[in-house]
Amino acid sequence: MTIKARVHAGRLVLDEPTTLPEGTEVELLPLDPGDWLDDADRAALHAALAESEADIAAGRLIDAAYALRGLRSH
């Protein structure tokens, strides 16, 4: 479910119909928050990217269609 809000005078203002019960608490996230990686996740991402670059340099590649077929067969 997506709920839209706008900032007005420093407050979030909602003008969206909802079927949520009265008193329901919702969390609002910015539309473009960037990312939520912590230091460990960011390090893992960079390690995976470096490994991928090494695979490319070494010619260890597979065709994308082959990989997708394998994923779809499971």
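At 52% relative accessibility, Arg60 counts as exposed, where exposed means over 50% relative accessible area, buried under 20% and partly exposed in between (1.4 Å probe, protein chains only). The model is a predicted one, in which local features need pLDDT of at least 70 and side-chain atom pairs count only at pLDDT 80 or more, while totals for chains, interfaces and linings use all residues. Residues are numbered from 1 along each chain as its sequence is written, and side-chain values use heavy atoms, with hydrogens and water left out.

Arg60 joins Asp55 in a salt bridge between their side chains, at 2.8 Å from N to O. A salt bridge is taken here as a side-chain nitrogen of Lys or Arg within 4 Å of a carboxyl oxygen of Asp or Glu, and the count by this rule is 1. Side chains of opposite charge can pair when their charged atoms come close. Asp55, for its part, is partly exposed, at a relative accessible area of 23%.

We turn next to the helices. Helices (H or I, at least four residues) and strands (E, at least two) are DSSP runs, numbered from the N terminus. Helix α1 covers residues 39-57, and its 19 residues should span 27 Å at 1.5 Å a residue; the end C-alpha atoms are 27 Å apart, which agrees. The expected span is 1.5 Å times one less than the number of residues. Just after α1 comes Gly59, with a positive phi of about 80 degrees.

Helix α2 (residues 64-72) is hardly covered, as the count of buried residues among its 9 residues is 0. At its start, a side-chain oxygen of Asp63 comes within 2.9 Å of the backbone nitrogen of Ala65.

Ala9 lies in the loop between β1 and β2 and has a phi near 55 degrees, a positive value in a residue other than glycine. Most residues other than glycine have a negative phi, and most peptide bonds are trans. Ala9 is exposed, at 72% relative accessibility. Thr18 sits in the loop between β2 and α1 and is partly exposed, with a relative accessible area of 44%. A polar atom of the Thr18 side chain lies 3.0 Å from the backbone nitrogen of Leu20. Between Thr18 and Ala57 there are 53 Å in space, C-alpha to C-alpha, and the two are 39 residues apart in sequence.

Finally, the pockets. On a 1 Å grid over the protein atoms alone, a pocket is an open set of points where a 1.4 Å probe fits, with protein on both sides within 12 Å along at least five of seven lines, and lining residues have an atom within 4 Å of a point. The largest pocket has a volume of about 540 Å³, and Ile3, Lys4, Ala5, Leu28 and Leu29 lie nearest its centre among 18 lining residues. Strand β2 gives the most to this lining, with 3 residues. The second largest pocket holds about 170 Å³. Of its 12 lining residues, Ile3, Leu14, Glu16, Thr18 and Leu20 are the closest to its centre.

Methods. Polar contact = N/O pair within 3.5 Å; in protein donor to acceptor, adjacent residues only side chain to side chain. Points joined across faces, edges and corners; volume = space filled by probe spheres on them.
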